[in-house]
Each structure stands twice: as C-alpha cells, then as structure tokens.
Amino acid sequence: MLEGVYIFLDKVFGPMILHYQPVWVVTVAGAILGAFFTLLNYLLVDQNKVKMLQKKSKEFQKKYREAQKAKDEKKLRKMQQEQMELMKLQSEVMKDTMLKVSLLTLPIFWVFFGWLRRWYVETGVVKAPFNFFLFGWFHSLYHSALPSSELGYVGWYIMTSMIVGYILRKLLDMG
C-alpha cells in the first residue's frame, strides 16, 4: 500500500524533483506541509481556549512572582489551587492538540518523509561556506555522514516548515 502512495507522489512531484535543485524541492515541500499542518492546527484546536490559557498563564506567573517576592505564604498556598485549575485547562488543550492534530499530521509526515528519503538520502541540500556547528549537531541526531558544512533534506525541511508555520501562526494570530 505504501508503495502505491510513493508512486502517486512520484507522479505528482516527480517532474519537480527531476528538473529543480533539491533545495527548491525541499523548500516547497516544507512550505506546503508547514502551512498545511499549521492550518489544520488552527482549524481543529479551539484558538479561543488556547488564547485564554496563554492569558491565564501570564497572569498566574505575574501573581506568583509577586507573592514570592513578598514572601506571602498564604497567597502562595491559595495560588496552588489556581495552578491546579490552570493545569487542567492545559491538559484539555494538549489533549485537543494531540488527538485531533497529531493523529492526522503524523501519518502524512512519515509517509512524505519516507518518500523524500528515497530521493535525497545523504544528499546535501544546503551548503554553507563553512562548517556550521548546528548542521553537525543535526547530523548526529539521525546519524548522517554529511559534513558539517551541508544540511540534508531533513534539516532543511524542518527549518523551512518551522519558518512558514511561525509566519502563518502570526498571520492567523495563533499566539
């Protein structure tokens, strides 16, 4: 079954892979998937609940720091109850994110990555004019033999999708 999906992806994206440099193909893939996953998150997770959680967390942290500075033990004990309520809200948001978004995005991510791997395994997609410690660190995560001056498809995809996702979250006012 997975081979059928790979054949479909070859038909759709194959011409792009054959005619463009790997950096452009992986950039487009990262932008498309980063935008898609961000939009799924935006549509499936209650953004009002997320914003309310962020606001309550900031307020709680401010009050907690003030109580700590004042060494107000009574207020700190009272805030433990508020912290429990905040943690309950956090777990609801996490559950929404994990169940709704992750269960949809992870299979897509793994299938697409498996397909890209067939084309670009151990291919330097981006080359820096010098050895860059972050590239070397990233290679060590997935045991790549690429030099520290090159970044493979995994690293470039992650950077691209994170940047696109960040910009889109800001445009959608997702916090």
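Phenylalanine 112 and tryptophan 115 are both buried (under 20% relative accessible area, 1.4 Å probe, protein chains only). The model is predicted, so local features need pLDDT of at least 70 and side-chain atom pairs pLDDT 80 or more, while totals for chains, interfaces and linings use all residues. Residues are numbered from 1 along each chain as its sequence is written, and side-chain values use heavy atoms, without hydrogens and water.

Aromatic pairs

- The count comes to 9 aromatic pairs (rings of Phe, Tyr and Trp, the last by its six-membered ring, with centres within 6.5 Å; stacked is under 30 degrees between planes, edge-to-face over 60, tilted the rest).
- Phenylalanine 112 and tryptophan 115 form a tilted pair, 5.3 Å centre to centre with 50° between the planes.
- Both of these residues, phenylalanine 112 and tryptophan 115, lie in helix H4 (residues 73–120), 3 residues apart (helices are DSSP runs of H or I, at least four residues, numbered from the N terminus).
- Phenylalanine 113 and tyrosine 153 have ring centres 5.5 Å apart and planes at 40°, so this pair is tilted.
- That pair links distant parts of the chain, with phenylalanine 113 in helix H4 and tyrosine 153 in helix H6 (residues 153–171), 40 residues apart.
- Phenylalanine 113 is buried at a relative accessible area of 7%, and tyrosine 153 is buried at 7%.
- One aromatic cluster is formed by Phe109, Trp110, Phe113, Tyr153 and Tyr157.

Notes:
Helix = DSSP H or I, 4+ residues; strand = E, 2+ residues; numbered from the N terminus. Buried < 20%, exposed > 50% of the residue type's maximum accessible area, 1.4 Å probe, protein only.
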